[in-house]
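Here is a short briefing to read alongside the model. Please keep the structure open as you go through the points.

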Amino acid sequence: MERPFHLAWFVSRGYGPKAWRYEWGGDQSRWMMPDLFVDLAVAMERAGFDYVMMEDSSNVPYTHKGTHDDYLKYAMATPKLDPAVLVPYMAMATKRIGLVTTMSTTEYPPFLLARLVNTLDHVTEGRVGWNMVTGSNDGGAQNYGLDRQFEHDERYDRADEFVEIVTRLWESWAPDAVVMDRDAPLFADGSKVQALHYKGRYHQVRGPLSAPRSPQVRPVLCQAGGSPRGRQFAARWSDTIITSAKDVASMRATRDRIRADAVAMGRDPDGIKVLFLVDPLVDHSLEAAEHRRRILEADVALHVDQHLASASRLSGIDFSQFPIDEPLPRLTSNGHQSVVDRFVGLTPRQVAGRAELGIRFTGTVDQVAGMMEEAMREAGGDGFLIVHADFTRRYIAEICDGLVPELQRRGLTRRRYEHATFRDNLLAF
């Protein structure tokens, strides 16, 4: 490798219970406390990860079978607490790791989101990011006074306007606006703080932001849209894109397409770091690792309804309406279109088997490190995003204290942070 690749961690299913049905899950009566996530951040920083991204949604889903019962039965995408609350806890225990929280452009007013993220960037001294989502579930929209979600492409039209407002608010105080001259007295120069007076199709905001520029000014922007319109939005705004590929062979094509999208938007493609979802499982021998993988796969087969409920939520399609072992018809959805595309030609039972994210690498530390090295050579960069929905402290240690040291020994990932802010570390290579 000519340069290291990046590592991050995707907390799928957000700030909720983890591994509550499995051994090594810990005291699940305290799932709502920040302890597990603080431990994750500390371990990741020790291993030189760029960031942790915390997924979120704000409704109790009911897509599968038209009821929320399966979601509550399995703690599938619910319950969830607000992940923004985790950021100060994780920041207090660390010094360099980036902390990315998910916030929806459908559910937040632009000023409120700009203010919250600016505040988090101040209190973390420049280590936060925003995962820009548009919302996809009608239940979430109904919790915020709408009858249903906006149509797919219109959600991104609204989001473009939203992010333009937010970034302009972050920049509404000039770099030298704060004077703090006690003798004058002059705290801030009013001529260097500008209102926006923004009036768009969807939003209007007077501005300026009610606080000075934060350390990063524009915190790191993260996005995961895979549809043509989502890709256009990501190419315009994102600093890092999280994406999935069905196999190693398709990783390069995905990255090349994203980089071409960036060029079409007039951006330097090296300014967008593309991280691929990967689900590594390591143990002391290949046989032990494969045994653990088979246990997980057997659980999917045993609890098909759980994983179909997950796919139903993400896609907006109730898969319980189709015969379990017959190929699905052509599907259309106002939900995550890239998710729906993955299920073309499959049976619902097969959909359940693919509901979890990430390419699965299984073996010893040495074997999985080799697989990641080969995959990254094939893709051309930029890195991996670890995803393991039911992670435990044991799994965290296996990755951060087992797998990553081998990646470091091979010169594949960073050993130390060179910069103070999240953005500078992300763009360092």
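In this predicted model, the lining of the second largest pocket draws at least two residues from each of β11 (273-282), α9 (286-302), α10 (304-315) and α14 (393-409). The biggest contributor is α9, with seven residues. The notes below start with that pocket, then turn to the cavities and to one helix pair.

**The second largest pocket**
- The volume of the second largest pocket comes to about 720 Å³.
- Its lining is made up of 27 residues, and those lying nearest the centre are Tyr-22, Arg-292, Leu-296, His-388 and Asp-390.
- Sorted by class, this pocket's lining holds 11 nonpolar, five polar and 11 charged residues.

**The cavities**
- How many cavities of 30 Å³ or more does a search of the whole structure find? There are two.
- The largest cavity has a volume of about 60 Å³, and around it sit Arg-13, Pro-17, Trp-20, Arg-21, Tyr-22, Tyr-74, Ala-75, Gln-306 and Asp-390.
- Five nonpolar, one polar and three charged residues make up the lining of the largest cavity.
- Tyr-22 and Asp-390 are worth a look in your viewer: they line the largest cavity, and they are also among the residues nearest the centre of the second largest pocket.
- For the second largest cavity, the volume is about 40 Å³.
- Lining the second largest cavity are Phe-5, His-6 and Leu-7, then Ala-47, Gly-48, Phe-49 and Asp-50, together with Thr-413, Arg-414 and Phe-429.
- The class count for the second largest cavity is five nonpolar, three polar and two charged lining residues.

**Helices α4 and α6**
- Helix α4 (residues 110-123) and helix α6 (residues 152-170) have axes that come within 9 Å of each other and cross at roughly 45 degrees.
- The crossing of α4 past α6 is right-handed.
- On the α4 side, the contact involves Pro-110, Phe-111, Leu-113, Ala-114, Val-117 and Asn-118; on the α6 side, the partners are Phe-162, Ile-165, Val-166, Leu-169 and Trp-170.
- That contact has 10 nonpolar residues and one polar residue, with no charged ones.

Key
Residues numbered from 1 in each chain as written. Predicted model: local features only at pLDDT ≥ 70, side-chain atom pairs only at ≥ 80, totals over all residues. Heavy atoms only, no water. Axes fitted to C-alpha atoms, helices over the stretch in contact; angles between N-to-C directions. Helix = DSSP H or I, 4+ residues; strand = E, 2+ residues; numbered from the N terminus. Left-handed = near helix turned anticlockwise from the far one by under 90°. Contact = heavy atoms within 4.5 Å. Nonpolar A, V, L, I, M, F, W, Y, C, P; charged D, E, K, R; others polar. 1 Å grid on protein atoms, 1.4 Å probe; cavity = no way out; pocket = protein on both sides within 12 Å on 5 of 7 lines; lining within 4 Å. Points joined across faces, edges and corners; volume = space filled by probe spheres on them.
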